[in-house]
Amino acid sequence: LDEPTIGLHSRDNERLLETLTALREKGNSLVIVEHDEETMRRADHIIDLGPGAGIHGGEVVAAGTLRDIKEVSESQTGRCLREPLCHPVRKSRRSLGEVEHWLELHDAQVNNLKHIDARFPIGRLSVITGISGSGKSTLMRSVLLPAVQESLGSARVSPAGDGVPSSRTSLSASSSRKSSLPRDASTSTRDACATRAKISGAEWLEAIYEVDQSPIGKTSRSTPATYIKVLDEIRSLFAQLPVSRVRGYSASRFSFNTDGGRCETCSGQGLLKLEMSFLPSSYVPCEDCAGQRYNAQTLEVLYHERSIGDVMNMTIAQAAEFFAANQKIARPLSLLVETGLGYLKLGQPSPTLSGGEAQRLKLATKLTRGVGRAQNERLRKMRTPKSTLYLLEEPTIGLHMADVELLLNVIHRLVDDGNTVIVIEHNLSVIAEADYVVDIGPEAGSLGGEIVAIGTPEEVAQNRLSRTAPFLRKVLNQLKTIA
């Protein structure tokens, strides 16, 4: 089984583990890929791979029981098990008493939602919880998202060309997110939301983005370097070198998407597609450029003895160190390293990225583009600053416990910049880190669709009706004991 606990509430997770245990007791053998701590605790034997990710992994770091894993200092899994996060990681939560504005929904009655009223603090991290099927996605994607979009109107939608990724990259601005709904149902659902839910407080928002785990690009021409736009700076740097000036090379010469500098054999993709009869197509490195995407003349231009092809083959961590003297390049790369993506290569094709990698890349990219700069500019012009709303649905899917820590750091930095983040999540580490929790339920389907509990994680943990509360209470109490 490959991560069978994905998308499951803690209660459903327990039921799944009981089923797996029953299978084992009947004499079956189970091999499971999993990040879930409870699954590890029930395992008879654990194989931990690492020590890092990508080129830094691929080795068996530890093997044995859970206790054996904890004793291996090189194991990231062992470290996270030995030293669980103490929430909040920032020692204190952002105060709800200081919240000036709230985003409020009134009389939402889409799908199984039962005329509910919900509100979220602007400028804070909110988490929507509840068992699977309780109405979380309906509240966020079928009510909140279209309601805010309609309230903002098309006049406030950032065009794709102003430094904000377009809807194709799934960091979707305002009204461009129709693809999140079935094509034949998007219009009717949007109309239903507009008539069945009223919203207030949206005037304090300037934009809304849904950050999902869809790929950031569909072809090998899309890479992390192109997505975060450091390739533009790198191309300009190479164009300023003496050799480039003598030869008359401009920045476009160092683009693998245009004629002139790229390898024409592979059209700048570095790979050649081999059509196979009765078999899937195969890809092999281009023999002319050896997978470096550029022709020989372009590769002769060197910056500190490295060509543009060598740079594209660097990992993000290596490139951050290599370009340390150029902050326009090093700063965004260093941020990606901080988010745990330093092992990715600058020229790695985007379709090879996992969903979690793509999502963290999108979040980090927003930070690199200086969210706070626009707000500071408005303050200088004596304008009232507004917040940007980010919607995330289960961003911890497929993430290791160490990656969850890094994701939380990125989310907190977004909120610290004045943004509003609302997350649907089952991961207790994320829930325990929230400033405000909205728990929906109590059950699924027709037995759900109601607001069961609201407040800080500590307040929700004391609720007797919430299905999330017992597990959240256990985590908070466990962390208090450790602290």
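The model is predicted. The protein has 19 helices and 14 strands. Of its 483 residues, 49% are buried. Among contacts with a separation of 6 or more, 67% join residues 24 or more positions apart.

**Second largest pocket**

- The second largest pocket holds about 1,000 Å³ of space.
- Its lining counts 40 residues, and the closest to the pocket centre are Asp 36, Glu 37, Asn 427, Leu 428 and Ser 429.
- Helix H19 gives the most, with five residues.
- By residue class, the lining of the second largest pocket splits into 14 nonpolar, 13 polar and 13 charged.

**Cysteines**

- The whole structure contains zero disulfides.
- Cys 286 is in no disulfide, and its nearest cysteine sulfur belongs to Cys 289, 3.8 Å away.
- For Cys 289, the closest cysteine sulfur is that of Cys 266. The separation is 3.8 Å, too far for a bond, because a disulfide needs the two sulfurs within 2.5 Å.
- Cys 286 is buried, at 2% relative accessible area.
- Cys 289 also counts as buried, at 5% relative accessibility.

**Cis peptide bonds**

- His 87 and Pro 88 are joined by a cis peptide bond, with omega about -5°.
- Pro 88 sits in the loop between helix H4 (76-82) and strand E3 (102-108).
- Gly 441 and Pro 442 are also joined by a cis peptide bond, with omega about 5°.
- Pro 442 sits in the loop between strand E13 (436-441) and strand E14 (450-455).

- Ser 267 is not a glycine, yet its phi is positive, near 55°.
- Ser 267 belongs to the loop between helix H9 (242-247) and strand E9 (271-274).
- Its relative accessibility is 25%, so Ser 267 counts as partly exposed.
- Phe 278 is another non-glycine residue with a positive phi, about 65°.
- Phe 278 belongs to the loop between E9 and strand E10 (282-285).
- Its relative accessibility is 87%, so Phe 278 counts as exposed.

**Phe 256**

- Phe 256 is in the loop between H9 and E9.
- Phe 256 is buried, because its relative accessible area is 1%, under the 20% cut-off.
- Leaving out residues up to four places away in sequence, Phe 256 touches Arg 221, Thr 223, Thr 226, Leu 231, Arg 262, Ser 267, Gly 268, Arg 293, Tyr 294 and Met 312.
- The list includes Ser 267, the residue with the positive phi near 55°.
- Phe 256 and Arg 293 are 37 residues apart in sequence, but their C-alpha atoms are 6.2 Å apart.

- Ser 350 lies in the loop between helix H13 (327-338) and helix H14 (355-368).
- Ser 350 counts as buried, at 1% relative accessibility.
- The side chain of Ser 350 comes to 3.3 Å from the backbone nitrogen of Thr 223.
- Beyond residues up to four places away in sequence, Ser 350 touches Ile 216, Gly 217, Thr 219, Ser 222, Thr 223 and Pro 224.
- Ser 222 lies in the loop between strand E8 (205-211) and helix H7 (224-227).
- Ser 222 counts as buried too, at 15% relative accessibility.
- With residues up to four places away in sequence again left out, Ser 222 touches Ile 216, Gly 217, Gln 348, Pro 349 and Ser 350.
- Ile 216 and Gly 217 are among the contacts of Ser 350, and both are among those of Ser 222.
- Thr 223 is touched by Ser 350 and also by Phe 256.

Note on methods: Residues numbered from 1 in each chain as written. Predicted model: local features only at pLDDT ≥ 70, side-chain atom pairs only at ≥ 80, totals over all residues. Heavy atoms only, no water. Helix = DSSP H or I, 4+ residues; strand = E, 2+ residues; numbered from the N terminus. Buried < 20%, exposed > 50% of the residue type's maximum accessible area, 1.4 Å probe, protein only. Polar contact = N/O pair within 3.5 Å; in protein donor to acceptor, adjacent residues only side chain to side chain. Contact = heavy atoms within 4.5 Å. 1 Å grid on protein atoms, 1.4 Å probe; cavity = no way out; pocket = protein on both sides within 12 Å on 5 of 7 lines; lining within 4 Å. Points joined across faces, edges and corners; volume = space filled by probe spheres on them. Nonpolar A, V, L, I, M, F, W, Y, C, P; charged D, E, K, R; others polar.
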